[in-house]
Amino acid sequence: MRVVLLHSGTRRKVSAMAIGKDIPIYQDELFPHIDKRLIQRMNIHIEFLSNRQFPVENKSICEQLKGYDNLYELKPKPIRLFFFMMGNDAVITHGFIKKKRTTDISEIDRAVSLRDRCIKEKE
Amino acid sequence: MQRFVRNKKIEDEFRESIESVEKDWSIYTEKLLLDVREIIAQQMKRLNFNRADLAKLLKCSRSYVTQLLNGNTNIRLNTLVKVLLSLGVKPNIQYSYEDVETLKKFNKNSTIEMSFKESTKTTIFTIESKVSQQEYEPA
C-alpha cells in the first residue's frame, strides 16, 4: 500500500514528498516548533501503515472515525492524522495536535471536504 | 493532479534532520513496539479473545493488557515472550550489522578487515509470527 499526502489547499499546509519506497516525509507548517522526535514518530507510523495491508487491528494505532465512511485516523500521540482510501493509496489530508478529549468537528469537516474535493478532481 | 508535487527544499532539510536523529535508540524501540502491539491485537482477533481473556491467561489485571495495547508500558523481555507465546506466536529477532562507524571507533588499531561493509539493506528488527492460520483458528 502506498501512502500519499495532499500538498496544498489546506489552511494548515502539509507538504510531502516520497523518499525511497514511496514513504512520504512531511512537515506541518503550523508547528514549526515541533520536536524532531515527533516528526520521526509520525514517519514511523506512516511507514508502519505503508508496510501493511490496510485493516489495522489495533485501534490505538489506527481507527475508522465513527459515523463517517472512508475516513480514518492515525494516532502517533499526541498528533492525529486523517486519511482516506483512494484505490490502493492512503491519502493523508492533514494533521493536528489533539489537546481535548474529543476531536474537533471543524477538523473532521475539513478532512471530509478535502476528501470530497480530491475524489472529484480525480474523476 | 497538481497537489501531488515534490518539494525539494523541504526534502533536503528533512533528510538532514532525520539523519541526525536516526542513530537514536528510542526510534528503534518505537518501531518494535508498534509491531508488537499490532501482532498482539491481530492474534487476539484471530483467537476471539477479549482483554479479560488475555488477562486471565497472563494472570494480570485487565488494565495491564490495555496498557500493552496502547503502548504505555516499557515491556520487559520476559513479559514479551510470555505474552507472545500464550497467544501462539513464536518470537524471532533478526539483527543486521549496519553501523560500521561504531565498530571502527572501538577497533581502531586492529588489522582485521571487516567482512561486512556497508550493506544496502535496511532490515532492523522483525518479529515474525510463524504460526499458520489454520492451526490456531478458533474452533
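Modeller: This is a predicted model. Start with K59(B): it has 7 C-beta neighbours inside 10 Å, so it counts as exposed, the cut-off being 12 or fewer.

Biologist: Where does K59(B) sit in chain B?

Modeller: K59(B) is in the loop between helix 3 and helix 4 (62–70) of chain B.

Biologist: How should I read phi there?

Modeller: Most residues other than glycine have a negative phi. K59(B) is not a glycine, yet its phi is positive, near 60 degrees. N48(B) also has a positive phi, about 60 degrees, without being a glycine.

Biologist: Is N48(B) buried or exposed?

Modeller: Exposed, because N48(B) has 10 C-beta neighbours inside 10 Å. Its place is the loop between helix 2 (25–46) and helix 3 (51–58) of chain B.

Biologist: And peptide bonds?

Modeller: Most peptide bonds are trans. Here, K77(A) and P78(A) are joined by a cis bond, with omega about 0 degrees. P78(A) belongs to the loop between strand 5 (72–74) and strand 6 (79–86) of chain A.

Biologist: Now the cores. Which residues have the most contacts inside the largest nonpolar core?

Modeller: A nonpolar core joins buried nonpolar residues through C-beta atoms within 7 Å. The largest has 20 residues, and L49(A), C62(A), L81(A), F83(A) and I92(A) have the most contacts inside it. Helix 1 (36–50), strand 5, strand 6, strand 7 (89–97) and helix 2 (105–122) of chain A each supply at least two of its residues. Helix 1 of chain A gives the most, five residues.

Biologist: What lies apart from it?

Modeller: Another core, of eleven residues, including I39(B), I40(B), F49(B) and V83(B).

Conventions: Residues are numbered from 1 along each chain as its sequence is written. Chains are lettered from A and ligands numbered from 1 in the order in which they are written. This is a predicted model: local features need pLDDT of at least 70, side-chain atom pairs count only at pLDDT 80 or more; totals for chains, interfaces and linings use all residues. Helices (H or I, at least four residues) and strands (E, at least two) are DSSP runs, numbered from the N terminus.
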